[in-house]
Amino acid sequence: MPDFTVSDSTIPDPTVLSRNTKLSDQYRPVFSIFYALLVRDFHVYFRHRGAWLNPLTFIFMVILLFTLGIGPNATTLTANAAGIIWVVALLGIMLSLDALFRADYDDGSLEQLLLSPEPLYLPVMAKVLAHWVVTGLPIVVASPLFSLMLGISGKAIPALALGLLLGSGVLSFLGAIAASLTVSLRSGGLLIALLILPMYVPVIIFGSQFVQSAIEGWPLTATLSMLVALLIGSAVLAPLAIIGGLRMSIDG
Amino acid sequence: MANWQWFHRLGSPKWLHGTINRWLPWVLVSALVLLSIGVVWGLAFTPPDYKQGNSFRIIYIHVPTAVVALAGYYAMAIAGAVSIIWRMKVADMALRAIAPVGAAITLLGLFTGAVWGKPTWGAYWVWEDARLTSMLVLFFLYLGIMALHDAFQNRQGGSRAAAIIALVGTVNIPIIYKSVDWWSSLHQSASIKFTEESTIAAEMMYPLMVTIPGVYLLFAAAVMLQMRVQIAHSERHSRWLEKYAINRA
C-alpha cells in the first residue's frame, strides 16, 4: 500500500514562517501541483494514442473532403488554402475539447482538484497546456504537410506554422471555457461549438491573414502582434472563466 | 451617503413583480407612441434621399434595432456580473429574460439590413460590410446563451453557466467587432459605396432620435413581460403569487 500522507516538509506551515524560511517556499505547493498535473496528464494522454492521433486524422480527412468539394484545380486550391487549413485546425481542436475535463469529472479527480486550498489558476493552466501539447502542437508540426497538399508556396510554410503555434493556443484557452461549462452535461460536443465558434472569429481572421500576407509578401508584424496579443490575453484571462465554469459544474 | 435601498429591493421577486405590473403599461404605451410618431414622420415627412430615393427610410427601424441589439447584450452581461458577484436570483431571471428578446431584435436588425441592402447594394447579403458580419456573430452569441440555458436540467447551473459565458462574450465583442472591421477593410472592393450614418442630413436624423428611444422602450417592455414569466416560474410555490393569481381571477 503506497503512502499517500503528505509529509510535513512539503507544505510549510504559514504560521511558523521563521526568519530563515524563504518567501519562495510559500509558493512551492502551487508549482508542485502544476508540475504534478502536467506530468500526470502527459502520462494519461500518451497512453491513449487516440488523444493526439484522432484530431490529426480528422484534419487530414477534412482537407481531403475540401479538396474533393472545391475541385483539383491547383490555383483555386492555393487561393483558399490558408482559410481551409485554419478552419480545419480550429474544428480539430474544438472537437477534441470535450475530452479536456470529462475523464477527470467522471472519476472525481476534478472535484478533488477543486477542493484543494491552493489557487486553481496554475492547475487549470497545466490542464490546458497538457491538452494543447497533445492536440494543438501536432497540428503545428503537421502543418507543412497540409501546406504541401494544398500547394502553399514554400516561403509561407514557416508563417503558417508560426501562426498556428500562436493561434492554436488561443483556440485551446477559449475552448476550455466552453468545455468547463459543459462538462457536467451528458453531451457537450455541439453545445461547445455553439458557445465558442463566435469567439473564434478574431483568431481565424488574423491567423489566415497572417498566412495570406506571407504568401503575398506583405509585412507580417501587424498580424503577428495581433496573434501574440490574443494569445497573451486569452492565457491571462481565460483561466479565470475556466475556474468559474469548473466550480459551476461541480457545485451545480 | 448613497441610498442603496433600491438595490436591495431589486433582489425581491415580489417587489419586482409589483413594480413591473405598475410600469409595464406606461413603458409599452410610450414605446408605441414614440414609434408611431417616428415612423410616420420618417415615412411621410422627410425628403427622399438624393441617391437612394425612398429606400433609405428603413433606417428608422434598422438603426434603432441594431443599436438596441448591442445594448441588449451589454445589459445581459451586466445581469450576469450581478448574478456572479451577488448571487441575486433576480439577475439570473433578467439574464434569461433578455437573451431571447435580444436575439429577436438582432434578427430584426439583420432582416431590415438585408432588405435595405437589396436596393442599395444590389444584394441582400454583402460580406464587404463589416456591420452585417458583426451582427451575425452577435446573433450567434445570443443563440449560444439560449442553448446553454436549455441544456441544463438544473436551472441554477444553467444560469451560472450563462452568466459566465455572457461575461466572456463582453470581453470578446469589442475584439470581434474590430477584427471583423479590419478583415472587411482589407478585402473591400472599390465598386461598393457605403452610406455613412454620420453624414446624414439633420432633417432625416430627427425621426431617428424618436425611434431609437422608442425601440429601447419596446425592448424594455418585452424584457419586462419575459421577466414576469421568469418570476412566475421561479416563485410558483410562494404564497404571494398564489394570492395575486386568485385576485386576478
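This is a predicted model: local features need pLDDT of at least 70, side-chain atom pairs count only at pLDDT 80 or more; totals for chains, interfaces and linings use all residues.
Colleague: What is the corresponding share for chain A?
Modeller: Chain A exposes about 12,200 Å². Of that area, carbon and sulfur atoms supply 69%.

Colleague: Which secondary-structure elements make up chain A, and how many are there?
Modeller: From the N terminus on, the elements run α-α-α-α-α-α-α-α-α-α. Chain A has 0 strands, and its helices number 10.

Colleague: How many helices does chain B have?
Modeller: Read along the sequence, chain B follows the pattern α-α-α-α-α-α-α-α. There are 0 strands in chain B, and the number of helices is 8.

Colleague: What box do the C-alpha atoms of chain B fill?
Modeller: The box is taken along the principal axes. Within chain B, residues 24 or more positions apart account for 80% of the contacts with a separation of 6 or more. The C-alpha atoms fill a box of roughly 65 × 40 × 40 Å.

Colleague: What percentage of the residues of chain A is buried?
Modeller: A residue counts as buried under 20% relative accessible area. In chain A, with 252 residues, the buried percentage is 47%.

Colleague: At what angle do helix H8 of chain A and helix H5 of chain B cross?
Modeller: Two packed helices are described by the angle between their axes and the distance between the axes. Here the axes of H8 (residues 189–196) of chain A and H5 (residues 130–151) of chain B come within 8 Å. The crossing is left-handed, and its angle is roughly 145°.

Colleague: How many nonpolar, polar and charged residues form the contact of H8(A) with H5(B)?
Modeller: H8(A) contributes Leu191(A), Leu194(A) and Leu195(A), while H5(B) contributes Phe140(B), Gly144(B), Ala147(B), Leu148(B) and Ala151(B). Gly counts as polar in this classification. The contact therefore has no charged residues, 1 polar and 7 nonpolar.

Colleague: Which handedness does the crossing of H2(A) and H3(A) have?
Modeller: The axes of H2 (residues 50–70) and H3 (residues 74–96) of chain A come within 9 Å and cross at roughly 145°. Residues in this contact include Phe58(A), Val62(A) and Phe66(A) of H2(A) and Ile84(A), Val88(A) and Leu95(A) of H3(A). By class, the contact has 13 nonpolar, 5 polar and no charged residues. H2(A) passes H3(A) in a crossing that is right-handed.

Colleague: Is Asp129(B) buried or exposed?
Modeller: Asp129(B) lies in the loop between helix H4 (89–121) and H5 of chain B. Its C-alpha atom is separated by 8.2 Å from that of Asp181(B), 52 residues apart along the chain. Because its relative accessibility is 7%, Asp129(B) counts as buried.

Colleague: What is the phi of Arg87(B)?
Modeller: Arg87(B) is found in the loop between helix H3 (59–86) and H4 of chain B. With a relative accessibility of 54%, Arg87(B) counts as exposed. Most residues other than glycine have a negative phi. For Arg87(B) the value is positive, near 50°.

Colleague: What is the relative accessible area of Ala36(A)?
Modeller: Ala36(A) lies in helix H1 (residues 23–47) of chain A. Ala36(A) and Phe101(A) are 65 residues apart in sequence and 16 Å apart in space, C-alpha to C-alpha. Ala36(A) is partly exposed, and its relative accessible area is 47%.

Methods: Residues are numbered from 1 along each chain as its sequence is written. Chains are lettered from A and ligands numbered from 1 in the order in which they are written. Side-chain values use heavy atoms; hydrogens and water are left out. Axes are lines fitted to C-alpha atoms, for helices over the stretch in contact, and angles run from 0 to 180 degrees between N-to-C directions. Helices (H or I, at least four residues) and strands (E, at least two) are DSSP runs, numbered from the N terminus. A crossing is left-handed if the near helix is turned anticlockwise from the far one by less than a right angle, and right-handed if clockwise. Contact means heavy atoms within 4.5 Å. Buried means under 20% relative accessible area, exposed over 50%, partly exposed in between (1.4 Å probe, protein chains only). Accessible areas come from the Shrake-Rupley method with a 1.4 Å probe; for residues, only the protein chains shown count as cover.
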